[in-house]
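Work through the exercises below with the model open beside you. Try each task before reading its solution.

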Amino acid sequence: MGLSNILFVMVLLLSGAASLKSQAYFNETGELPCHFTNSQNLSLDELVIFWQDQDNLVLYELYRGQEKPHNVNSKYMGRTSFDQATWTLRLHNVQIKDKGSYQCFIHHKGPHGLVPIHQMSSDLSVLANFSQPEINLLTNHTENSVINLTCSSTQGYPEPQRMYMLLNTKNSTTEHDADMKKSQNNITELYNVSIRVSLPIPPETNVSIVCVLQLEPSKTLLFSLPCNIDAKPPVQPPVPDHILWIAALLVTVVVVCGMVSFVTLRKRKKKQPGPSNECGETIKMNRKASEQTKNRAEVHERSDDAQCDVNILKTASDDNSTTDF
């Protein structure tokens, strides 16, 4: 009986068998268990063991203790290893396309050919961790109390359930849903997702925005770092234009008057002598007047003395004349 016929028979036998659930992460190692008890304590030399995928492609074959790589499909070549202690096949460098159903077959090689003695199915699911959601502001300031922003997360699998924003204030938390845009890489089959939202921002209070990505199938939530927006100071009413013109005119007049006064004072200081020169001139004039007054007093005194002498001489002369008669 050929291997292909055996595989076909095994598929029929396992069509109603229950499957084990197995999970692996992208680019890591997944396990495909066989759970063979080997109650008869058979050696590997007596057994033929192999795994195949849902498309009947062989991942690994061990024929009577010897690996048979020529029966292995090229997509699995060099990516598997068999753990004899646990009867488990390890699939390395798991890709998204590796998800699906796998079967393990064990046959006993006896004198009458291959006899199936064990089979097991397992379903392999593949996960890839999305990056932490990241918020990007489309503008650095709010316009009309509305802010525009995006949130994105990359390189994940499977497709997430939803992505939304949480708007947190001091007294409330509100959810804001948006249409989640997604793209899938043709080679890796990983997803990139993003949303774009416009959020009303209360100007009088502090706000914290968080982006949330809800994953499948575990319902796990991934949170972005918070985007914090501080409250705006109260807006003052604009000053009317005519008041601005009046204020500008007053400032101009004050400046011009100040400049004129400054120039005038400078000119006066240049024309007038300093206080020390004026005092000196006054002292000199007082000294000169005092000297003139003193001279006039001396002249007047001399004149009076001279007049007195003349009168005395005249009196004496008159007396002599009287005596002679």
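**Exercise 1.** Which residue stands opposite K109 in β9?

*Solution.* The model is predicted: local features need pLDDT of at least 70, side-chain atom pairs count only at pLDDT 80 or more, and totals for chains, interfaces and linings use all residues. Residues are numbered from 1 along each chain as its sequence is written, and side-chain values use heavy atoms, with hydrogens and water left out.
- Start with the strands, which are DSSP runs (E, at least two residues) numbered from the N terminus.
- Strands β8 (residues 100–110) and β9 (residues 113–127) pair in the antiparallel sense over eleven bridges; pairing requires at least two DSSP bridges.
- L114 in β9 stands opposite K109.

**Exercise 2.** Why does the largest pocket lie between domain 1 and domain 2?

*Solution.* 
- A pocket is an open set of points on a 1 Å grid over the protein atoms alone, where a 1.4 Å probe fits, with protein on both sides within 12 Å along at least five of seven lines; lining residues have an atom within 4 Å of a point.
- The largest pocket has a volume of about 200 Å³.
- Its lining has 14 residues, and L127, N129, L215, E216 and S218 are the closest to its centre.
- Domain 1 (19–127) and domain 2 (131–229) both give residues to this lining, so the pocket lies between them. The domain bounds come from an automatic or database assignment.

Technical notes. Helices (H or I, at least four residues) and strands (E, at least two) are DSSP runs, numbered from the N terminus. Grid points are joined across faces, edges and corners, and a volume is the space filled by probe spheres set on the points.
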